[in-house]
Structures are given as C-alpha cells and as structure tokens.
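Subject: Structure handover and notes

Dear colleague,

I am passing on the structure below, followed by notes on what was found in it. Please read the notes with the structure open beside them.

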Amino acid sequence: MARRSRRVLRYLYAKRQARSTSRADGPGYIYAFVDRRRRFKIGMTKNFAQRRVQWDKQCPSSTRRWLPPIAVKSRRRAEALAHLSLEFHCADRPKIRCGHCRKKHVEVFVFAGNGSVVWNDLVYPLLQKAARA
Ligand SMILES: [Zn+2]
C-alpha cells in the first residue's frame, strides 16, 4: 500500500493522540529491524527477547539487523503513533510477499538513503517521540 496523503495522516495522528489509552494497552517495547538496508519493520511487544526469537525463527533473514528496542508505557498507542509518523515521512510503504518467508508483512516502511543515517536521524527520533506522545 502506498502512503496516504499527509493531510490524512496528520488528521489520523491528532485523532489517535487525543484518544485515551485503552485497557488492553500497557507497558512494553517498540521494536525495529532493518532489512536490505532500507526496509524498516516496526512493531510492538510485551516481551522483546521473545518476539525477536519468534521473528528470527518464523522469517529467517541473514540481512536483518535488529535495532535497540524502546521501552514504552503504552505499547499499542506508541506503535499506532509511530506507524502514522513513519508513513508520513517514508518514501514507500510496500505490501509485498517477503523474500524470506513468503508472508506479506504489514507496517514496513522504506526510506531513501543509508540505513544507519535514516535510523539515527529520522526513525529513532520518531519512535522516541511516539513513545512520549
Ligand atoms: Zn518474512
């Protein structure tokens, strides 16, 4: 799926931010990994160590690079806000079959440029902002 318009994303972000935290929400982590240098997958979990093992088992990739997880108070809320702001800033949001496991992973964001620079200068600050929002 391609990016939605910035106007729509701004509206959705404000709406999600105004919503109170649901009872199903709670502490956990926002996790991220990058594959093929430019494809960032962002998700949330209660247990990062377990989620990472699960990913590496279900979708083995020799090119995956795990990034430091971010501890958050409300993992669902932080993830939803992170996805919206990443969609706002990304070059593409592809929904293609994974070359490693053949599944269609959702919430994958592609950015132009060097993966480390994109992580340090854009993705990590956006995740931190979502964690505090
Ligand atoms: Zn996969």
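Helices (H or I, at least four residues) and strands (E, at least two) are DSSP runs, numbered from the N terminus. On that basis, Arg36 is placed in the loop between S1 and S2.

This is a predicted model, in which local features need pLDDT of at least 70 and side-chain atom pairs count only at pLDDT 80 or more, whereas totals for chains, interfaces and linings use all residues. Residues are numbered from 1 along each chain as its sequence is written.

The UniProt record, an unreviewed entry, lists residues 28–111 as "domain: Bacteriophage T5 Orf172 DNA-binding"; its positions are given in the numbering used here, feature names are shortened, and annotations may be inferred rather than shown by experiment. Over residues 28–111 the chain is 31% helix and 27% strand, with the end C-alpha atoms 26 Å apart.

Leaving aside residues up to four places away in sequence, Ala82 touches Ile30, Ile42, Leu126, Leu127 and Ala130, a contact being a pair of C-beta atoms, placed from the backbone, within 7 Å.

Burial is counted from C-beta atoms placed from the backbone: a residue is buried if 20 or more others lie within 10 Å of its own, exposed if 12 or fewer, and partly exposed in between. Helix H3 is largely enclosed by the rest of the structure, because 11 of its 15 residues are buried. The buried residues of H3 pack against helix H1 (6–18), S1, S2, S4, strand S5 (108–110) and H4. From its first C-alpha to its last, H3 reaches 21 Å, close to the 21 Å expected at 1.5 Å a residue (1.5 Å times one less than its number of residues).

In the loop between H3 and S5, Arg102 has a positive phi near 70° though it is not a glycine, and it counts as exposed, with 8 C-beta neighbours inside 10 Å. Glu107, found in the loop between H3 and S5, has a positive phi of about 55° and counts as partly exposed, with 16 such neighbours inside 10 Å.

With best regards

Terms used: Two residues are in contact if their C-beta atoms, placed from the backbone, lie within 7 Å.
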